[in-house]
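Hi there,

Here is the structure I promised to pass on.

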Amino acid sequence: ASATSSYLEENGCVSAYNRPYAGGYTLERHGDPARGIHAVQLEIDRSVYLDAGLSRLGEGYPKLVKLLGGLVRRLAAEAMMMSDPAGLAGLRDAAE
């Protein structure tokens, strides 16, 4: 959770852990940290990526795609470092 919050805050987003909603079914169903299966649930205000009528993609959509792509890369790099510190170089090579 801290890597996700840190990344979002570094990129100008407001984040909160388990506020206003606490995890829930999705995380319990799909995550199993004891087996190395971690899960993240993000809730994003639709006005961030939809138009004023909340019916079509808005101006914020490309920025959100870039933000989420960066988050996935950050979490993947962190996971690689946890499992195989030398594996990070391979991940960097694959991304380029």
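First, some housekeeping. This is a predicted model, so local features need pLDDT of at least 70 and side-chain atom pairs count only at pLDDT 80 or more, while totals for chains, interfaces and linings use all residues. Residues are numbered from 1 along each chain as its sequence is written, and side-chain values use heavy atoms, with hydrogens and water left out.

The largest nonpolar core consists of five residues, Tyr7, Leu8, Leu64, Leu67 and Leu71. Helices are DSSP runs of H or I with at least four residues, numbered from the N terminus. Leaving aside residues up to four places away in sequence, Leu67 touches Tyr7, Leu8, Asn11 and Cys13, where contact means heavy atoms within 4.5 Å. The buried residues of α1 are Ala3, Thr4, Ser5, Tyr7 and Leu8, and their cover includes α3. Just after α1, Gly12 has a positive phi of about 80°.

Two salt bridges were found in the whole structure, each being a side-chain nitrogen of Lys or Arg within 4 Å of a carboxyl oxygen of Asp or Glu. One joins Glu10 to Arg74, with the closest N and O atoms 2.7 Å apart. This pair links distant parts of the chain, as Glu10 sits in helix α1 and Arg74 in helix α3, 64 residues apart. Glu10 is exposed at 54% relative accessible area, whereas Arg74 is partly exposed at 31%. Asp32 and Arg35 form a salt bridge too, with 3.6 Å between the closest N and O atoms.

Now to the loop between α2 and α3. Leu54 is found there, and its phi is near 55°, a positive value in a residue other than glycine. Most residues other than glycine have a negative phi. Leu54 counts as partly exposed because its relative accessibility is 36%.

Best wishes

Notes
Core = buried A, V, L, I, M, F, W, Y, C linked by side-chain atoms within 4.5 Å. Buried < 20%, exposed > 50% of the residue type's maximum accessible area, 1.4 Å probe, protein only. Helix = DSSP H or I, 4+ residues; strand = E, 2+ residues; numbered from the N terminus.
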